[in-house]
Amino acid sequence: MLHVVDEPVKVRAPAKVNLHLAVGDLRDDGYHELATVFQALSLYDEVAVTRADALTVSVKGEGAREVPLDENNLVWRAAQLMAEKAGRSPRVHIAIRKGIPVAGGLAGGSADAAATLVALNTLWHLELSRSELSELAAELGSDVPFSLRGGTAMGIGRGEQLLPVLSRSTYHWVLAFAKGGLSTPAVYKELDRLRESGTPPRLGSADDLMHALTVGDPDALAPLLGNDLQAAAISLKPQLRRTLRAGKDAGALAAIVSGSGPTCAFLCRDAEDAVSVGVEVSATGVCRTVRTATGPVPGARVIETDSGP
Ligand code: ATP
């Protein structure tokens, strides 16, 4: 049955933090083998899609000026892929409202791509299943399947193959946005360089962390958070050391670089602690701005659209 869809179709998609990011060796295809545990956070981008004469993209919000408006935008490629799958042309306007900082290690571009898949599935009445969407997501980028799914999940391979993780309770975070971003490929390259010239610490298995997640106690989780990319991100942006220290000094249970950085993520005991850590870190002037967020939250979801018979 055909459903009438109000336009625009609006989709909200979350940022992610890697609770555990173990980077293995470089593969022949140029990617590193990863074992990671993602958590989706309540910091969102919104994507609104409407029918148009041609494929166009506009961007507002956090870091909008740094985001490409052409085929280099992941949403452009997402629209082309969906159009190919649907056997039609991608004649839509995609309006992105960014809340997730660009090149921040929080998978903002991936969130937008996942949101576009969900929005076009609704706009074009495609009724693709979540697993079909997830296959398309994996073609777009390593983090896109997780942006679609949300929650807490383990990622293996390039991070695109997801396994469920049992996670209890809600965690409270403070995110410190840096001045400027870090290029993900540059951070991986720096890690390769550090590994050639020495032996930076490597994370072990995520078993203890997974166990702590089933218990749901932030005090138990905090010492188990880890990120192999942290040393490389700090090597490229040494001021991140001060940011991490500021979070710990302010009373956070743990301070880590998120993904490839430069956003730093501070795990806090509860919502009240998160507010006080945020205020204190902000006052030190070590970062551009701070936000509080909770996780896990669901992945890319339609908002504000009634589709009826
Ligand atoms: P990840 O943690 O997945 O590596 P990130 O959060 O560090 O990603 P993104 O914000 O996803 O980084 O963007 C990285 C680069 O991708 C940007 O510098 C930008 O040029 C390009 N880009 C393409 N599409 C988008 C988009 N929709 N939003 C933001 N950046 C985009």
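This is a predicted model: local features need pLDDT of at least 70, side-chain atom pairs count only at pLDDT 80 or more; totals for chains, interfaces and linings use all residues.
**Entry 1: α1 beside α2**

I began with helix α1, which covers residues 74-86, and helix α2, which covers residues 108-123. How do their axes lie? I found that they come within 8 Å and cross at roughly 30 degrees. Angles under 35 degrees count as roughly parallel, so α1 is roughly parallel to α2. I also noted that the crossing of this pair is right-handed.

Next I listed who touches whom. From α1 the contact takes Leu 74, Val 75, Ala 78, Ala 79 and Met 82. From α2 it takes Gly 109, Ser 110, Asp 112, Ala 113, Thr 116, Leu 117, Leu 120 and Asn 121. Sorted by class, I have eight nonpolar residues, four polar and one charged.

**Entry 2: α1 beside α3**

Then I turned to helix α3, residues 130-140. Here the axes of α1 and α3 are 10 Å apart, and the packing angle is about 135 degrees. That angle makes the two helices oblique to each other. I wrote down a right-handed crossing for α1 and α3.

Which residues meet here? On the α1 side I see Leu 74, Arg 77, Ala 78, Leu 81, Met 82 and Lys 85. On the α3 side I see Glu 132, Leu 133, Leu 136, Glu 139 and Leu 140. The classes come to seven nonpolar, no polar and four charged residues.

My last stop was strand β6, residues 152-157. Is it enclosed or open? Five of its six residues are buried, so β6 is largely enclosed by the rest of the structure.

I then looked for its pairing partners. Strand β3, residues 32-51, pairs with β6 in the antiparallel sense over six bridges. Strand β7, residues 161-164, pairs with β6 over four bridges, also in the antiparallel sense.

Gly 155 was a handy place to look both ways. Towards β7, the partner of Gly 155 is Leu 162.

Finally I checked the hairpin of β6 and β7, where three residues lie between the strands. In this hairpin I picked out Gly 159, which takes a positive phi near 105 degrees.

Terms used
Residues are numbered from 1 along each chain as its sequence is written. Side-chain values use heavy atoms; hydrogens and water are left out. Axes are lines fitted to C-alpha atoms, for helices over the stretch in contact, and angles run from 0 to 180 degrees between N-to-C directions. Angles under 35 degrees count as roughly parallel, over 145 as roughly antiparallel, 65 to 115 as roughly perpendicular and the rest as oblique. A crossing is left-handed if the near helix is turned anticlockwise from the far one by less than a right angle, and right-handed if clockwise. Contact means heavy atoms within 4.5 Å. Ala, Val, Leu, Ile, Met, Phe, Trp, Tyr, Cys and Pro count as nonpolar, Asp, Glu, Lys and Arg as charged, and the others, Gly among them, as polar. Buried means under 20% relative accessible area, exposed over 50%, partly exposed in between (1.4 Å probe, protein chains only). Two strands pair if DSSP finds at least two bridges between them.
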